[in-house]
Amino acid sequence: MRRQVHRLTGEEGRTEDGADKVYRGPAGNVTGMAAAQGLKLRKFGFIVHPLSYEDVLRYEPKAAGKGQALIRKILEWMPAYRVCDIVGVRSRTGEEIMGHFIGVPLMPDQFLSLPRAEVMARIIRGTNLAAELGCGIVGLGGFTAVVGDGGITVAENSPIAVTSGNSYTIAAAMQSLFRGAREMEIDLAGARAAVIGATGSIGSACAQILGNEVSQVTLAARNATRLAKLTHAMQSHVKAKLAWTTDIAEAVQHADLVLTATAATSSVVEPEDLRPGAVVCEVSLPHDVSRRVATERDDVLVTEGGNVKVPGDVNFNFDFGLPPQMSLACMAETMILTLENRMVNYSLGRGVNLDKVLEIQRLAEKHGFELAGMRAFDKPVTEEQIAHTRERARAARLAGDRPPAGVALS
Ligand SMILES: NC(=O)c1ccc[n+]([C@@H]2O[C@H](COP(=O)([O-])OP(=O)(O)OC[C@H]3O[C@@H](n4cnc5c(N)ncnc54)[C@H](OP(=O)(O)O)[C@@H]3O)[C@@H](O)[C@H]2O)c1
């Protein structure tokens, strides 16, 4: 049976075998060199979902005016669907790929509260849809990687390869945090760090990497048993002194560097707990650093952890809240594996595989992916803002606030 030929923004689409013919952008321009030559492009899928009601309205303006309860009900009824086509991802090696966002439209708390089997079935349906669209690998965005066992069950039931994207997220998060530390004149070797969500897939890897860069790391989350076990197991692999706590405020109060990678659906880091001159790297989505930090702590540098610049002339055909050419590191990992033609399960589960973090970082550089400009609270952070934050931190320290350990006062 003839497959449906999907109309993109131009008049050309997929052939009957799922290959892509000439690809045209919004103005009818051919969007990529390989596409222009009519070559078949390898494809990736990436599963997305709304993080907030504002996201739902951005996806579907007609939802405006409907109550939140009704919106939630409608989302529960909606099956996985093809959101858009992503074109123009072109490596510095010249290789070009394309992809699709696949919507599994539940809110973060619905992923956690609806029956597990039902949620998993929806995500697996999303992977099947990606396969039907001709993708060789699918990335699990947001809470589709958090719910359950970090993608293992999904991968076992997916017709194509699966990755959570967490390896490149970890690499990008560490780069972001270290860039922030440099900007705030923090000497890493003497610094104290706190990882919030430290027993998670991303948090545990970040804690271990930090453990060989700073003098002390506090691991924080809600479950004391898991924290104690992980801290004990990790201590022999790192130079830093490790501690753990379920009291997040306490962990933050003693930290020069804070990294958040929680599955919280509301704020866990509050402005009153942060030390003067601290750097906060927020990997969590939805955000878990209180928006009050933006207005109440101009001596603290907050940076979103996982934003990267995509090589080529990418058009996502979809506004997911980042400026053009920018993506989340988890999306980028799926693109990198597709560029490499590595259609294999990659980042899955809660374990730490630092070799994969190093490998994906190397592959990212090979293909021209790089850390994006600094952003916080959904906006770019300017050089002037960084300089102001640095000055305010210096003033706060000189005014008698105890300087954080490890801060190089020049
Ligand atoms: N920016 C990006 O590119 C990017 C990419 C991938 C993922 N992410 C985000 O990164 C975050 C972590 O992902 P993951 O895969 O590492 O998740 P995960 O493996 O499920 O780990 C979540 C961690 O958060 C802790 N936690 C959950 N709820 C909490 C709360 N209310 N307060 C404090 N700690 C809490 C969990 O431990 P307890 O249950 O014991 O508290 C666990 O340590 C998610 O928000 C995800 O959406 C961002």
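**Exercise 1. In this predicted model, work out how strand S6 is joined to strand S9, and where the pair sits in its sheet.**

Step 1. Start with the two strands themselves: S6 covers residues 192-196 and S9 covers residues 257-260. They run parallel, and four bridges join them.

Step 2. Val 195 has Leu 259 in S9 as its bridge partner.

Step 3. Now zoom out to the sheet. Six strands make up an open sheet with parallel pairing, in the order S8-S7-S6-S9-S10-S11. The edges are strand S8 (241-245) and strand S11 (301-304), each of which pairs on one side only. From one strand to the next, the twist averages 15 degrees.

Step 4. H9 lies across S6, strand S7 (216-220) and S9, and its direction is at about 170 degrees to S6.

**Exercise 2. Describe what surrounds the ligand, and find which helix gives the most to the shell.**

Step 1. Count the shell: 33 residues surround the ligand. The closest are Gly 197, Gly 200, Arg 222, Asn 223 and Gly 306.

Step 2. You get 15 nonpolar, 15 polar and three charged.

Step 3. Check the helices. At least two shell residues come from each of helix H6 (143-146), helix H8 (166-183), helix H9 (201-210) and helix H13 (329-339). H9 gives the most, with three residues.

Step 4. Check the domains. Domain 1 (33-167 + 312-369) and domain 2 (170-307 + 374-398) each put at least three residues into the shell.

**Exercise 3. Is Arg 226 buried, exposed or partly exposed, and what does Arg 226 touch?**

Step 1. Apply the cut-offs. A buried residue needs 20 or more other C-beta atoms within 10 Å, while an exposed one has 12 or fewer. Arg 226 has 17 C-beta neighbours inside 10 Å, so Arg 226 counts as partly exposed.

Step 2. Look for contacts, leaving out residues up to four places away in sequence. Arg 226 touches Thr 199 and Ala 221.

Step 3. Relate the residue to the ligand shell. Gly 200, one of the closest residues to the ligand, is 26 residues from Arg 226 in sequence and 9.8 Å away, C-alpha to C-alpha.

**Exercise 4. Which strands does S2 pair with, and how many of the residues of S2 are buried?**

Step 1. Take S3 (residues 96-103) as one partner. S2 and S3 pair in the antiparallel sense over seven bridges. Among the bridge pairs, Arg 90 goes with Glu 96 in S3.

Step 2. Look at the turn. S2 and S3 form a hairpin with five residues between them, and Gly 94 in that turn has a positive phi of about 100 degrees.

Step 3. Finish with burial. S2 (residues 81-90) is mostly covered, with seven of its 10 residues buried. Across the protein, buried residues make up 48% of the 410 residues.

Notes
Residues numbered from 1 in each chain as written. Predicted model: local features only at pLDDT ≥ 70, side-chain atom pairs only at ≥ 80, totals over all residues. Near = placed C-beta within 6 Å. Nonpolar A, V, L, I, M, F, W, Y, C, P; charged D, E, K, R; others polar. Domains from an automatic or database assignment. Pairing = 2+ DSSP bridges. Axes fitted to C-alpha atoms, helices over the stretch in contact; angles between N-to-C directions. Contact = placed C-beta atoms within 7 Å.
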